[in-house]
Amino acid sequence: MAVQPISRADPGTTLEVNRSTITEMVKPLLACGLLREAAPEQMKARSGRPPIGLSLREESKFFIGVNIGVRRTQVGAALVDGQLLGEESFDTPSESENALAQMRASVERLRGFSAQSNNICNRRQRSCPT
Amino acid sequence: MPSVTRLLFAPHLGWRDVAVAEALRITDPSSHTGILNHQVPVLLRTSATAAAMYERRKRLRNSKDAS
């Protein structure tokens, strides 16, 4: 989804399926928290009942990337929009087993840290009036 | 794109046939997907491919006419 929120009709047009099929496809994504329904006023309806849009819940997901370099290895965690949550780096060990062990330890640390940071951010967002 | 889970050969590091994705795969016991012990997916790509994928997605997200 490039521009968000999008209307439910947009993916139906793109995928050439009807709106009820889209609704069925979207239900589990809403239930698991990957998508959220956008407030109707965010959508620019021309007339009639304002549509309920869909957008990604960017704050609920984060990614951890590992860049294995010849000399250094970097591990970083970021939100969907690219906002960096944390990063670590270390000299790449010559033995792959040692390198993988360090990467895994780093991923675990960043995962814990990022999940905590994300929860704090989410709580702050929920407590702020919009 | 096919699923890539193993590093076949890294000449500068001297590594051969390393199961990178398997080593970095973690299980999320408290996943909010509702799936117990959800296996977090791991994608393994060369740095050039990973950078190209990131650029493409970033540009798509910033584009007004992309779907």
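Modeller: In this predicted model, a strand is a DSSP run of at least two E residues, and strands are numbered from the N terminus.

Biologist: What makes S1(B) and S2(B) a pair of strands?

Modeller: Two strands pair if DSSP finds at least two bridges between them. Strand S1 (residues 7-10) of chain B and strand S2 (residues 15-18) of chain B are joined over 3 bridges in the antiparallel sense, so they count as paired under that rule. Leu7(B), for instance, stands opposite Val18(B) in S2(B). The two strands form a hairpin with 4 residues between them, and Gly14(B), in the turn, has a positive phi of about 75°.

Biologist: Why is Val66(A) called buried?

Modeller: The cut-off for a buried residue is 20 or more other C-beta atoms within 10 Å of its own. Val66(A), which lies in strand S3 of chain A, has 21 such atoms within 10 Å, and is therefore buried.

Biologist: Which residues touch the most other members of the largest nonpolar core?

Modeller: Of its 13 residues, those touching the most other members include Val66(A), Met103(A) and Leu24(B). Strands S3 and S4 and helix H3 of chain A, together with helix H1 of chain B, each give two or more residues to this core, and H3(A) gives the most, with 5 residues.

Conventions: Residues numbered from 1 in each chain as written. Chains lettered and ligands numbered in written order. Predicted model: local features only at pLDDT ≥ 70, side-chain atom pairs only at ≥ 80, totals over all residues. Core = buried A, V, L, I, M, F, W, Y, C linked by C-beta atoms within 7 Å. Buried ≥ 20, exposed ≤ 12 C-beta atoms within 10 Å, placed from the backbone.
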